[in-house]
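Subject: Structure handed over, with notes on what was found

Dear colleague,

Please find below the structure that I promised to pass on to you. I would be glad if you kept it open beside this message while you read the notes.

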Amino acid sequence: MTAELLVISPDLVQEMVAHCLAGRPNEACGLLAGKDGVVAKVLRMTNAAASPVRYALDPKEQFDAYSLLENEDLELGGIFHSHTRTEAYPSPTDIRMATEDVPYVIVSLARDPAEVRAFRIVKESWTDPEGEVVEVTVRVEG
Amino acid sequence: MGRKEGAVSVEVRIPTVFRKFTGDRSVIEVEPGTISQVIDQLETQHPGFKEQLMTDAGELHRFVNIYVNDEDARYLDKLDTKVTEGDTVSLLPSVAGG
């Protein structure tokens with residue numbers, strides 16, 4: 001089985017990382033809009049949890065972003081957030097709270113330059129506290 | 001406001017996480033009513049969907065947010081919020097982690 005790919009341009013990676021750096025010391029978060037696994041847009045969002053160890057999309061911003069996806073005929077291509085001091089790998093909290101069936105992109109600021117990896121968190125039922133972590137290959141090109 | 005039998009005029013937007021319960025449909029049309037009645041109609045059209053949205057205690061699952069047009073139903077009348085013809089109901093999973 002071939003690993004799933006998430007294709008993103010260097011400029012968009014830079015935009016995502018810049019948003020994460022600007023959010024320090026707290027985690028930062030946002031959405032990736034795209035089509036068929038290719039990211040077209042980075043949607044920078046507010047971390048409503050305003051915490052160095054937690055993130056939560058502001059529900060109203062999320063609603064507006066989902067409306068934008070609808071209006072621009074884009075798909076939710078991924079959800080990104082930063083880990084300020086830990087590896088770019090889903091934390092137990094990330095797994096427990098994962099809901100959407102899209103790649104979760106993690107930007108680790110523990111490294112310089114920042115490390116970007118993506119994972120699907122596969123659950124039997126979307127409310128399950130546990131899930132299987134499957135890496136999605138991030139291909140930076142374009 | 002008279003009851004219109006068979007009127008189909010409220011759009012429910014379905015996020016990706018729930019599309020496996022709706023035969024991959026992103027929009028479902030239902031009749032006006034309260035949010036509870038909208039959820040019951042979703043269950044009728046797509047059996048098994050309701051238990052994805054509600055707890056056994058009959059409350060909205062805490063990871064689900066519902067918008068009526070651009071208003072969060074939590075700040076309206078929650079499950080008793082009325083939706084009328086032309087309204088759009090959006091279901092959103094909360095997105096969070098650590």
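This is a predicted model: local features need pLDDT of at least 70, side-chain atom pairs count only at pLDDT 80 or more; totals for chains, interfaces and linings use all residues.

Residues are numbered from 1 along each chain as its sequence is written, while chains are lettered from A and ligands numbered from 1 in the order in which they are written.

Chain A

Chain A has 3 helices and 8 strands, where helices (H or I, at least four residues) and strands (E, at least two) are DSSP runs numbered from the N terminus, and along the sequence they follow the pattern β-α-β-β-β-α-β-α-β-β-β. The radius of gyration of chain A, taken over C-alpha atoms, is 14 Å, close to the 14 Å that the globule rule (2.2 Å times the number of residues to the power 0.38) gives for 142 residues, so the chain is as compact as a globular protein of that length. Its C-alpha trace spans about 35 × 35 × 35 Å along the principal axes. Of the 142 residues of chain A, 37% count as buried, a residue being buried if 20 or more other C-beta atoms lie within 10 Å of its own, exposed if 12 or fewer, and partly exposed in between, with C-beta atoms placed from the backbone.

Strand 2 (residues 29-35) of chain A has 6 of its 7 residues buried, so it is largely enclosed by the rest of the structure. With strand 3 (residues 38-45) of chain A it pairs in the antiparallel sense over 7 bridges, pairing being assigned if DSSP finds at least two bridges between two strands. These two strands form a hairpin with 2 residues between them, and Asp36(A) in the turn has a positive phi of about 50°. Strand 2 of chain A is also joined to strand 5 of chain A, by 6 bridges and again in the antiparallel sense. Leu31(A) therefore has a bridge partner in each of these strands, namely Leu43(A) in strand 3 and Ile79(A) in strand 5.Strand 5 of chain A is mostly covered, with 8 of its 9 residues buried, and it pairs in the parallel sense with strand 6 (residues 104-108) of chain A over 5 bridges; in that pairing His81(A) stands opposite Ile106(A).

Not counting residues up to four places away in sequence, Val105(A) touches Leu32(A), Gly78(A), Ile79(A), Phe80(A), Val116(A) and Ala118(A), contact here meaning that the C-beta atoms of two residues, placed from the backbone, lie within 7 Å.

The sheet of chain B

Chain B has an open sheet of 5 strands in the order 2-1-7-4-5, with mixed pairing. Strand 2 (27-30) and strand 5 (71-72) of chain B stand at its edges, each with a single partner strand, so one side of each is left without a neighbour in the sheet. Strand 1 (residues 10-13) of chain B runs antiparallel to strand 2 of chain B and is joined to it by 4 bridges, and Glu11(B) has Glu29(B) as its bridge partner in strand 2 of chain B. Helix 1 (residues 35-45) of chain B packs on the sheet and touches strand 1, strand 2, strand 4 and strand 7 of chain B, its direction making about 115° with that of strand 2 of chain B, where axes are lines fitted to C-alpha atoms, for helices over the stretch in contact, and angles run from 0 to 180 degrees between N-to-C directions.

Where the chains meet

The contact takes 25 residues from chain A and 18 residues from chain B. On the side of chain A, helix 2 gives the most, with 5 residues, and the residues of that side divide into 14 nonpolar, 6 polar and 5 charged, with Ala, Val, Leu, Ile, Met, Phe, Trp, Tyr, Cys and Pro counted as nonpolar, Asp, Glu, Lys and Arg as charged, and the others, Gly among them, as polar. Helix 2 of chain A lies across strand 4 (64-68), strand 5 and strand 7 (88-93) of chain B, running at about 115° to strand 7 of chain B. Strand 4 of chain A pairs with strand 8 (residues 96-97) of chain B in the antiparallel sense over 2 bridges, and Tyr55(A) has Gly97(B) as its bridge partner there.

Thr16(B), in the loop between strand 1 and strand 2 of chain B, is partly exposed, with 16 other C-beta atoms within 10 Å, and it touches Leu76(A), Glu100(A), Asp101(A) and Val102(A), not counting residues up to four places away in sequence.

With kind regards
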